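My entries follow in the order in which I made them.

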Amino acid sequence: MSIILDHVSYVYDADTNMPVKALDDVNLVINDGEFIGLIGHTGSGKSTLVQHLNGLMKATSGTIYYNGEDIYDNDYNKKELRSKVGLVFQYPEHQLFEVDVFTDVCFGPKNLGWDDKKVQLKAYEALKMVGIEDEYFYQSPFDLSGGQKRRVAIAGVLAMSPEVLVLDEPTAGLDPKGRDELLNKISELRRTTGMTVVLVSHSMEDVANYVDRIVVMNKGRIMYDDVPSEVFKNYKELEEVGLAAPQVTYIMHALNDAGLKVDCDVTTINEAANEIVKALKGRK
Amino acid sequence: MSIVKAKDLTFEYIRRDEEGNVDGITTAIDNVSLDIKEGQFIAILGHNGSGKSTFAKHINAILHPTEGTVWVDGMDTSDDANVWNIRHEAGMVFQNPDNQIIGQVVEEDVGFGPENMGVPTEEIWQRVEESLKAVGMYEYRKKSPNRLSGGQKQRVSIAGVLAMHPKCIVFDEPTAMLDPNGRKEVIRAARALNDVEGITVILITHYMEEIIHADKVFVMDKGKIAMEGTPREVFSKVDELKALRLDVPQVTLLAYELKKRGVNLPDGILTKEELVKALGL
């Protein structure tokens, strides 16, 4: 059970004299239950890539296999694919439109042709999953806070029971607590449901704190694909392509340069604190 | 001299139901008084819904106080006769660069503001050139904004504001949609405008690292000013900030975690260099 991208390329404006290769021979395997961080500068091809995962965009060449089946086969059920791979766009709260929160979340599953009972049950579960309390169910989504609106919008996708959840910059514009709450929820969901999660992010700290594996895109190609500590070792190369390492990486390098022998591969504050304490004890 | 001054500022939204009946009243800003001096770099922090953007919109008279008064460069924002002058003096840069760029060519976009002000053509071009140079985008002046990166687009937006020769620029989460490099470019541009041109900068952000150089930080909560002080004073209060749904810079957080593990460090470390020094390395 996995998503396999086999030599996928996507060319914009192919029939003009200025074709743009948004994806250039991408090979990628996304395994069941993985938590993947997808990073890259603006225009590196991340959003194009994620829109291929649920068939919203069709590769110019190459193939994508979902659970072993070629999604470009003529008889492949595209509609089902879109419910299996749930895509949460940037600023998903801009897509809320219904009169109340519950009706809004029902919209997606209803369109899958499920009966009312199942739709309502799934909507209820999804709202609970993202931590929206019952008291908000019949309020207008527009009366909620920014963080709540975003969680309602994500519930709208979760209500379709996706096997893979793809989130395109889900924390942009949220306050720090809202950011932590949302990412903790997603992390917890993945643990409890076994769902695969692909997180597109511009925050190296978020990626370092949550994901198991990082895919770095540059100019439509995959530049790195590894665990966070390995990827962030290449911080100089990442800077050259408009990215960076988490701040803690720079702090550890500064300490190391100043003579405190610490492991510079740690990627979270907690690991760094433990590492520094250990190194300080070693000096005494 | 004060550039933005608020006295007992209160702003209420009236919520209405579908029939237009009053449903309730939300107090977005609750009796705020503050004084921002010309040439300062000010940061405003606060969780979503704390009132910071509502406050920002008072600075260039998009919103008017329900009670109290806001003065921009001595002009009362409630007086309609002042609105245009206020908007020339206090520019605003928003979150999404794509919503702020209208021109087909970078230099046209930047010239749009001064043109609307009736600035003579000759001078418009002069201002366009100066503004693009100030944000490091002059070499892109003939390009289409569509082909630029997020950080570059945002710098063009800043140049557009700059060309109107404001005394003060309010940045409302200008980096929220940008990649790490774009964030750096925009903050560097904002700091340069403040340092070199002496323009007052008011920066609203959720990225704590961006404001460690600010002269003063205001933290808003429930429409009130919950904390104010230098970045060092404000970021020394890690628990208090977390309770307000905020954070501290990563290096400050690391120092805080080290302290909890028994390492002797002062509060409010803001840079990695300070941490190195405080650890006696």
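**Entry 1: the end of a helix.** I looked up the backbone just past α6(A) and found A:Gly194 with a positive phi of about 75 degrees. I note here that the model is predicted, and I read every value below as computed from it.

**Entry 2: the helix itself.** I then took α6 of chain A as a whole; this helix covers residues 176–193, which makes 18 residues. From first C-alpha to last it reaches 26 Å, close to the 26 Å expected at 1.5 Å a residue.

I asked which residues of α6(A) are buried. I listed A:Pro176, A:Gly178, A:Arg179, A:Leu182, A:Leu183, A:Ile186, A:Ser187, A:Leu189 and A:Arg190. For the spacing in that list I kept the general rule in mind: an α-helix has 3.6 residues a turn, so residues three or four places apart point the same way.

I looked up what covers these buried residues, and the cover includes strands β3 (35–39), β7 (164–168) and β8 (196–200) of chain A. Helices α4 (116–129), α5 (146–158) and α7 (204–210) of chain A are also included in it.

**Entry 3: the contact between the chains.** How many residues does each chain bring to the contact? I wrote down 37 from chain A and 32 from chain B. The buried area between the two chains is about 3,200 Å², and carbon and sulfur atoms give 62% of it.

I counted polar contacts next: 13 residue pairs between chain B and chain A, with both residues at pLDDT 80 or more. On the side of chain B that touches chain A, α6 (180–195), α9 (250–260) and α10 (272–278) of chain B each supply at least two residues. The largest share of that side, six residues, comes from α9(B). Sorted by class, the side has 15 nonpolar, ten charged and seven polar residues.

**Entry 4: salt bridges across the interface.** The rule finds three salt bridges between chain B and chain A. I looked at B:Arg245 and found a salt bridge with A:Asp175, where the closest N and O atoms are 3.5 Å apart. B:Arg245 also forms a salt bridge with A:Glu181, at 3.3 Å between the closest N and O atoms. The second pair runs from helix α6 of chain A, where A:Glu181 sits, to the loop between α8 (238–243) and α9 of chain B, where B:Arg245 sits. A:Glu181 counts as partly exposed at 28% relative accessibility, and B:Arg245 counts as partly exposed at 24%.

**Entry 5: salt bridges elsewhere.** Over all chains the structure holds 35 salt bridges. One of them joins the side chains of A:Lys128 and A:Asp134, with 2.5 Å from N to O. A:Lys128 is partly exposed, with a relative accessible area of 32%, and A:Asp134 is partly exposed with 41%.

I also looked up B:Lys167 and B:Asp73, whose side chains meet in a salt bridge at 2.7 Å, N to O. The two residues are 94 residues apart and link distant parts of the chain. B:Lys167 lies in the loop between α5 (150–162) and β7 (168–172) of chain B, and B:Asp73 in the loop between β4 (67–72) and β5 (75–76) of chain B. Is B:Asp73 buried or exposed? B:Asp73 counts as buried because its relative accessibility, 15%, is under the 20% cut-off. B:Lys167, at 31%, counts as partly exposed.

Terms used: Residues numbered from 1 in each chain as written. Chains lettered and ligands numbered in written order. Predicted model: local features only at pLDDT ≥ 70, side-chain atom pairs only at ≥ 80, totals over all residues. Heavy atoms only, no water. Contact = heavy atoms within 4.5 Å. Buried area = accessible area lost by both parts, 1.4 Å probe. Salt bridge = Lys/Arg side-chain N within 4 Å of Asp/Glu carboxyl O. Polar contact = N/O pair within 3.5 Å; in protein donor to acceptor, adjacent residues only side chain to side chain. Helix = DSSP H or I, 4+ residues; strand = E, 2+ residues; numbered from the N terminus. Nonpolar A, V, L, I, M, F, W, Y, C, P; charged D, E, K, R; others polar. Expected span 1.5 Å × (residues − 1). Buried < 20%, exposed > 50% of the residue type's maximum accessible area, 1.4 Å probe, protein only.
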